[in-house]
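Have a look at the model first, then see whether you read it as I do.

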Amino acid sequence: MVPKVMIILGSSSDIAIAEKSMDIFEKLEIPYSLKIASAHRTPDLVREIVKQGTDAGIEVFIGIAGLAAHLPGAIAAYTPRPVIGVPVDVKTGGVDALDSCVQMPYPSPIATVGIDRGDNGAILAAQFMALHDEEIREKVIKLRKEYEKKVFDSNKIVATLEDKKYLVKDYLDVENLKIEKEELDIEDSINPDADVAILVGRQSDLVVAKKVSATLDRLKISYNMKVICPIRSNRKFKSYVVSVKNSKVFIGISSNSSQVTGALVGLTDRPVIGVPCENELGREHILTTVNMPPGVPVATVGINNGRNAGVLAGEILSIKNTNTIEILTKLKDKKINL
């Protein structure tokens, strides 16, 4: 059996986080490989397992590391395949590892998930592969429904609260609550066959969005783009997502509270790339983009790094596309400049 995913740990001490990933792959019945190699102590080993793994057919790499966490970046140096980074909390709450994973230079994006979120790393890998494998997609959708059911079932805890005098337990009983289907307007001024949908939270974020679109143009990847906020225009936001439902990859760009990516992951089973931006006060919202709960990962790239978001979209789409792989390989080898 040839594995589809390779998980690489920087240290055997990270095995508990890797087990979260492995549990997801076992549940989804996706073959995977597990290796231990250090970007600093065994750089040649990292190079060889990544290069040989790529040649053998590995579709997605997952790098799990703490502290300086250079491993995901070292993996990305040797493959045109998408690389997912899982930062591990060893010191400073894992923020050091998070910064090392996510703040990558162009053109080497790392699809970073939340600290210690090996489960989300595996789900994200499955979403990448699901674009090219309908059987995997069906399994991902089923898994998402299980996470959804857990939320509904959690309301049963209310019935166990006996010491709350003013708690009205039977008000809007969630278990029997009828949820109406929302009527949405489908937009017809879009390309229904575009591979990527770019959603921008504010006009001021268009500077970053244009970097995404320029990169996609040069990679010859079609896209739709719209400025729309899920908080100020919730119904219009949902309508637009439904209108571009055939998109294979969604990119959310946001400078305030990252509500764009948070709203997107609830509306599509397709992979969502998040680009956190700086707002007018100089604040950025990388933590609110990347630290997503189990089941709804966001593939986060560096602050304002729209170009890396475009490259990552290309890597995801190129898993079964040799033409795009060729362009990405030349890009990473500095043989072309986008």
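1. Overall picture. Bear in mind throughout that this is a predicted model. The chain holds 12 helices and 10 strands. A compact globule of 338 residues would have a radius of gyration near 20 Å, and the chain agrees, because its own value is 20 Å. The C-alpha trace spans about 65 × 45 × 45 Å along the principal axes.

2. Burial and contacts. Of the 338 residues, 52% are buried. If you take the contacts with a separation of 6 or more, 72% of them are between residues 24 or more positions apart.

3. Which residues of helix 6 are buried? They are Ile-136, Arg-137, Lys-139, Val-140, Leu-143, Arg-144 and Tyr-147. These sit on the same side of helix 6, because they cover an arc of only 165° around the axis. An α-helix has 3.6 residues a turn, so residues three or four places apart point the same way. Note that Arg-137, Lys-139 and Arg-144 are among the buried residues, while Glu-135, Glu-138, Lys-142 and Lys-145 are exposed on the other side. As for what lies over the buried residues, the cover includes helix 1 (15-28), helix 5 (118-130) and helix 9 (259-265).

4. Strand 9 and its partners. On the pairing side, strand 8 (residues 249-254) runs parallel to strand 9 and is joined to it by 5 bridges; Ser-254 has Pro-276 as its bridge partner. Strand 10 (residues 299-300) is also parallel to strand 9, with 2 bridges between them, and here Ile-273 is partnered with Ala-299.

5. Tyr-223. You'll find this residue in strand 7 (residues 223-227). Is Tyr-223 buried or partly exposed? Buried would require under 20% relative accessible area, and Tyr-223 has 24% relative accessibility, so it counts as partly exposed. Its side chain makes a polar contact with the side chain of Asp-217 at 3.2 Å. Beyond its neighbours within four places in sequence, Tyr-223 is in contact with Ala-194, Val-196, Ile-198, Ser-213, Leu-216 and Asp-217. The C-alpha atoms of Tyr-223 and Ala-197 are separated by 5.5 Å, although the two residues are 26 apart along the chain.

6. Thr-79. This one belongs to the loop between helix 3 (71-76) and strand 4 (83-88). Despite the loop setting, Thr-79 counts as buried, because its relative accessibility is 3%. What does its side chain reach? There is a polar contact with the side chain of Thr-54 at 2.9 Å, and the backbone nitrogen of Arg-81 is 3.0 Å from the Thr-79 side chain. Leaving out residues up to four places away in sequence, Thr-79 touches Val-50, Thr-54, Phe-61 and Lys-332.

Key:
Residues are numbered from 1 along each chain as its sequence is written. This is a predicted model: local features need pLDDT of at least 70, side-chain atom pairs count only at pLDDT 80 or more; totals for chains, interfaces and linings use all residues. Side-chain values use heavy atoms; hydrogens and water are left out. Buried means under 20% relative accessible area, exposed over 50%, partly exposed in between (1.4 Å probe, protein chains only). Helices (H or I, at least four residues) and strands (E, at least two) are DSSP runs, numbered from the N terminus. The arc is that of the directions from the helix axis to the C-beta atoms. Contact means heavy atoms within 4.5 Å. Two strands pair if DSSP finds at least two bridges between them. The radius of gyration is taken over C-alpha atoms; the globule rule is 2.2 Å times the number of residues to the power 0.38. A polar contact is a pair of N or O atoms within 3.5 Å; within protein, one must be able to donate a hydrogen and the other to accept it, and residues adjacent in sequence count only if both atoms are side-chain atoms.
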